[in-house]
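I opened my notebook beside the viewer today and wrote down what I looked up, one entry at a time. Here is the entry I was working from.

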Amino acid sequence: MIISIASGKGGTGKTTISVNLALSVQPSVYIDCDVEEPNGHILLKPEITSQKEITKKMPAVDLNKCTFCGKCSELCEFNAIVVMKSDVMFFEDLCHSCGVCSNFCPERAIYETERSFGEIRKGHIKSESVSFIDGTVKVGEMHGAQLIKHVRKEIKPDSINIIDAPPGTSCSMVAAVNGTDFCILVTESTPFGLNDLKLAVQVVRSLGIPFGIIINKYDENFTELDSYCSSGNIPVLLKIPFDRKIAEHYSRGIPPVQVRPELKEDFRQVYKTVNSIMQARCTPDEKR
Amino acid sequence: MTINPSIKQLLILSGKGGTGKTTIAAAFSKLAGRSVVADCDVDAADLFILLKPEVKEKTEFHGGKKAVINQDLCSRCEFCLQSCRFDAIVDYSVDEVLCEGCGFCFRICPSNAIEFNKNLSGHLFDCRIPENREFLYAKLLPGEGNSGKLVTELKKKASAYCTQKEKEWLIIDGPPGIGCPVNASLSGVDAVLLVTEPTLSGLHDLKRIVRLVQSFKVYTAVVINKHDINKEVAEQIENYLHQENISLAGKISFDEKVVTALQQEKSILEYPENIAAQEILTIWNSLQTIRIKI
């Protein structure tokens with residue numbers, strides 16, 4: 001089972017929800033796919049047992065073979081290559097490591113090298129049955145989505161996997177959410193939260209992933225959010241009212257369920273609801 | 001294009017999402033009289049909600065291409081499958097979510113069965129806000145890539161307006177994170193205002209965005225939003241800034257009125273008696289003195 005936690009808008013509480021859920025439904029695996037700004041480790045304080053660099057392929061040129069014909073530059077869809085009179089420049093930020101330039105070079109003058117662009121850490125949480133995985137892209141590296149694909153290879157399919165996704169609705173968010181069994185979208189009771197929720201809903205719907213909502217910093221006075229969910233038949237899994245205490249604990253890196261253990265029951269209920277939604281989606285044949 | 005040196009581009013970033021970039025950007029766009037405003041958070045653009053702009057023009061944005069396999073011509077040779085680095089070929093067709101538009105399959109296919117066409121990936125909105133000012137924002141279609149390219153397009157348009165109309169400021173609301181749209185929004189700006197919050201996550205993310213911004217060698221200042229949520233961490237942030245020789249532009253108090261204002265789709269400045277509004281005003285005024293130096 002793989003549950004992804006995403007949001008559209010940043011700062012709505014994805015990491016807090018993911019961490020709390022992972023702590024409440026043990027044994028579980030927490031996977032931080034917000035590789036640009038991973039924060040799960042701050043709350044979970046894992047003991048790291050392994051760490052590995054992740055590389056990507058980068059083109060390089062053998063100037064002895066190159067005739068400066070410009071074919072590579074012409075074929076590169078990402079404008080990552082400039083061919084000059086006696087040199088070739090590769091813009092690493094723009095390169096997608098697709099292999100077109102090296103494969104189609106008429107002189108076979110382009111070869112590929114491996115370059116480290118991030119790391120993956122694995123570990124576990126002390127005295128809990130929670131495994132920990134996170135990915136961190138190097139500052140200045142552009143291709144976070146590529147690292148997310150590597151991080152997801154570490155998923156343990158037999159466990160409950162909780163993926164903490166990056167904010168937004170673009171390629172990185174899709175890389176984290178695509179192919180997961182269920183997506184929990186975290187929003188807040190503001191017009192920004194609602195607007196970005198609608199965008200995120202479009203993404204998960206187009207990916208065909210069943211989903212539900214958790215409203216964090218819930219405020220019943222902002223009725224637009226409730227009416228959006230009820231009119232679109234979107235299940236609201238949990239409403240968490242704003243609580244300055246929770247915010248203060250978060251600021252110190254303490255997960256709410258550790259100070260208010262009764263919250264664990266709420267998160268277990270969320271997990272149960274997720275399960276029943278997924279079962280209801282199965283056809284009668286599959287159920288049998 | 002040469003950019004008039006009297007126009008200052010101010011970019012608001014944060015690393016961590018939800019720290020208050022858009023609230024501050026909305027306030028600054030009211031305060032900066034002769035200005036153009038641009039929202040570069042093309043994934044989840046929200047500034048338009050507060051600015052309530054009048055859309056003058058909506059243009060299509062084609063960020064890249066996507067491959068499509070014509071099943072009538074496909075000979076099932078699987079050359080495409082072997083060449084695709086993105087695992088985007090599934091059952092002799094292209095998964096458009098996974099396809100990054102490199103064209104490898106299109107070029108390698110011996111049966112010419114693959115079409116490779118431009119793909120609509122978003123829209124650009126050219127708008128007016130009060131005092132006949134320009135406001136630009138863009139929306140990436142959900143799930144699309146190429147957000148960096150869209151940001152570059154948006155900024156090109158915004159800078160052109162600044163030059164044409166002899167503006168003083170270009171106020172840019174940036175995206176969260178430290179990835180491609182952030183890099184694209186950083187190029188060519190005169191000053192960056194980083195909005196952080198006094199949480200360990202806020203500090204962690206601040207350090208990463210500072211490293212990125214420093215590589216651009218641009219004037220940088222920091223605002224600590226909701227500073228009184230955790231005064232200890234706020235102090236840690238101040239110490240860190242001191243070490244790194246980065247100036248603190250100001251602190252904003254946790255103020256429930258900010259949320260109320262937002263829920264009513266209003267700028268916090270419409271509640272001038274409130275502490276957060278006054279603090280934002282002070283920060284803006286301090287940026288006016290910095291203006292001469294950048």
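**Entry 1: the two domains of chain A.** I began with the area that domain 1 of chain A and domain 2 of chain A bury between them, which comes to about 570 Å², with 35% of it on carbon and sulfur atoms. I note here that this is a predicted model.

I then checked where the domains run. The assignment for chain A puts 2–45 + 126–287 in domain 1 and 55–116 in domain 2. Their centres, taken over C-alpha atoms, are 39 Å apart. In the contact I found seven residues from domain 1 of chain A and 10 residues from domain 2 of chain A.

**Entry 2: charges between those domains.** I looked for salt bridges across the interface of domain 1 of chain A and domain 2 of chain A, and the rule finds two. I also looked up Glu141(A) by itself: its side chain meets that of Arg115(A) in a salt bridge, at 2.9 Å from N to O.

**Entry 3: chain B's domains.** For chain B I read off domain 1 as 8–62 + 133–291 and domain 2 as 71–112. Between the centres of these two domains of chain B, over C-alpha atoms, I noted 41 Å.

**Entry 4: chain A against chain B.** Next I turned to the contact of the two chains, which takes 57 residues from chain A and 57 residues from chain B. Together chain A and chain B bury about 4900 Å², and 57% of that is on carbon and sulfur atoms. On the chain A side I picked out Glu37(A), Val139(A) and Phe192(A), which supply 15% of the area chain A buries against chain B, more than any other three residues.

How many salt bridges are there between chain A and chain B? I count five. Glu37(A) came up again here, with its side chain meeting that of Arg208(B) in a salt bridge at 3.5 Å, N to O. I also looked at Lys65(B) and Glu77(A), whose side chains meet in a salt bridge at 3.8 Å, N to O. Lys65(B) lies in strand β3 (residues 54–69) of chain B and Glu77(A) in the loop between α3 (71–75) and β4 (81–83) of chain A, so this pair joins two chains. Over all chains, the structure holds 31 salt bridges.

**Entry 5: a helix pair in chain A.** I looked at helix α1 (residues 14–24) of chain A and helix α11 (residues 263–281) of chain A, which pack at an angle of about 90° with their axes 9 Å apart. Angles of 65 to 115 degrees count as roughly perpendicular, and α1(A) and α11(A) are therefore roughly perpendicular to each other. From α1(A) the contact uses Ile17(A), Asn20(A), Leu21(A), Leu23(A) and Ser24(A), and from α11(A) it uses Lys264(A), Phe267(A) and Arg268(A). I sorted the residues of this contact into four nonpolar, two polar and two charged.

**Entry 6: His249(A).** I found His249(A) in helix α9 (residues 244–251) of chain A. Leaving aside neighbours within four places in sequence, His249(A) is in contact with Ile254(A) and Val259(A). Val259(A) is 10 residues from His249(A) along the chain, and their C-alpha atoms are separated by 8.2 Å.

Definitions and conventions. Residues numbered from 1 in each chain as written. Chains lettered and ligands numbered in written order. Predicted model: local features only at pLDDT ≥ 70, side-chain atom pairs only at ≥ 80, totals over all residues. Heavy atoms only, no water. Axes fitted to C-alpha atoms, helices over the stretch in contact; angles between N-to-C directions. Helix = DSSP H or I, 4+ residues; strand = E, 2+ residues; numbered from the N terminus. Parallel < 35°, antiparallel > 145°, perpendicular 65-115°, else oblique. Contact = heavy atoms within 4.5 Å. Nonpolar A, V, L, I, M, F, W, Y, C, P; charged D, E, K, R; others polar. Domains from an automatic or database assignment. Buried area = accessible area lost by both parts, 1.4 Å probe. Salt bridge = Lys/Arg side-chain N within 4 Å of Asp/Glu carboxyl O.
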